[in-house]
Amino acid sequence: VLAPLENGTVITNEAVFDDGFNDEIHRFTQTAIESPPTIILSTSPVDGDEDVSITPSIRTVFNQIMDKASVEGAFSISRADGVEPEEPEDWLEGWTYRKKITVDHNKVNGDQDSFPVLIDVTNDSWKSMAYGGHVAQSNGGDIAFTMTDGLTKLNHEIEGYFPSSGKLTAWVRTDLSATENTEIYIYYGNEGGGLNEENPTGVWDNNYQMVQHMADSSTSTIADSTSNNNDGRKKAANDPVEAPGKIGAAQSFDRSAHIDCGTSDSLKPSNITIEGWVNARTMNNWMGIISNMQTWGSGFSEQIGSTQNFATMISGTYLRTSTTPAVDTWYHVVSTHDGITNLNTLYVNGVRANSSTRAVVYNPNNPTYIGAFYTSGSLSLDGLIDEARISSTVRSAGWINTQYLNQNDPASFVMLDNE
């Protein structure tokens, strides 16, 4: 107890006081000054003496341990040497550990709002506690992300977490700056139990109509991460089959398989961005990546092949590149269509490859296929597809380029501070 003292009285007490440096047992020398009413506490923590002046009413009795925030609310606190104590960092309550994650602004092409940043990192601290790390739950349910203030939570989706290695593959929605680094925090080590900090649908802005990470939700289906429920149904069980991909899992197609994502109008918007990672094992004439073209002259079809290279077909007209794709190589292929100007643009690996003008005419009965196009998916891929997505907006060239830089080399896109 730190009791009120008569003017000039000096006593020695031992008590816990949060002076903004450490929470620990300190030995205090209290000196009372009558005017202004002040108690000077000279402390002796492990790392040397610090003086803290507290100016309460002379009749105030310190009869309980108070944290720094509550003390600051009642008193003016200053170091006796005139140097203000360092403010404690804001911390998400209940979590024991955190790391700062810094996004390199040199990898961000123009400011991007509500951008889904890929965090794909292996870190010993992110092993579960059972394997000597600091993540409390074996499924990563206690992993949380915040803005740079350390308190405002960010929506995230965990695509994969491996507790024995500390490998984390997660998508985090945040704003990115092209002129200064963006800092966020990852928190972990909350032993409260039963936590699930994920909000997958909150990661993807309202323009995302379908986001397929391409992992199996069953041997016959894959799941859409948006709230639109445009899940995919395989041609048959394990046809295609899940396989290691560019980011986590992918689906492996064998020139006869496809995934049917249904006929929803949400997959046929007037403004559209189609995207996916593709890796061909062999190079045939025409092989579908994402398509709702079942009959010639309607819909769209994004393709790879020896005849058209990388191409998008818009209502029967090809938009293609002069670049010949190589086998066993991952490519990020993106097509956009502006419903007002009818401008179509094709991007490969984050770079604009070609453009043309052509209106899109949809057949409302046509399903959207992954891995095939044309009648009943007859022109199918021999290879792998990962991260198949459809948006109801024309994503900007800067957004597409930033996506490629992030997803192609996530380790260089972000930097981790110490725990």
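Mentor: We'll talk about confidence, then a sheet, then a cavity.

Trainee: What is the mean pLDDT of the protein chain?
Mentor: This is a predicted model, and the chain has a mean pLDDT of 85. Of its residues, 78% reach 70 or more.

Trainee: And where is pLDDT below 50?
Mentor: Residues 10-29 are one such stretch, and in the model they make 62 contacts beyond near neighbours in sequence. Residues 32-39 also stay under 50, with 25 contacts beyond four places in sequence.

Trainee: New topic! What is the strand order in the open sheet of 4 strands?
Mentor: The order is β8-β11-β6-β30, and the pairing is antiparallel.

Trainee: Which strands stand at the edges, then?
Mentor: Those are β8 (144-146) and β30 (414-416). Each has a single partner strand, so one side of each has no neighbour in the sheet. From one strand to the next, the twist averages 30 degrees.

Trainee: How many bridges join β8 to β11?
Mentor: There are 3, and β11 covers residues 182-188. For example, Thr-146 has Tyr-185 in β11 as its bridge partner.

Trainee: Which residues line the largest cavity?
Mentor: Among them are Phe-300, Leu-319, His-337 and Val-360. Strand β23 (331-337) is one of those supplying at least two lining residues, and β23 gives the most, with 3.

Trainee: What classes are in that lining?
Mentor: It has 6 nonpolar and 6 polar residues, with no charged ones.

Methods. Residues numbered from 1 in each chain as written. Predicted model: local features only at pLDDT ≥ 70, side-chain atom pairs only at ≥ 80, totals over all residues. Heavy atoms only, no water. Pairing = 2+ DSSP bridges. Axes fitted to C-alpha atoms, helices over the stretch in contact; angles between N-to-C directions. pLDDT = per-residue confidence, 0-100. Contact = heavy atoms within 4.5 Å. 1 Å grid on protein atoms, 1.4 Å probe; cavity = no way out; pocket = protein on both sides within 12 Å on 5 of 7 lines; lining within 4 Å. Nonpolar A, V, L, I, M, F, W, Y, C, P; charged D, E, K, R; others polar.
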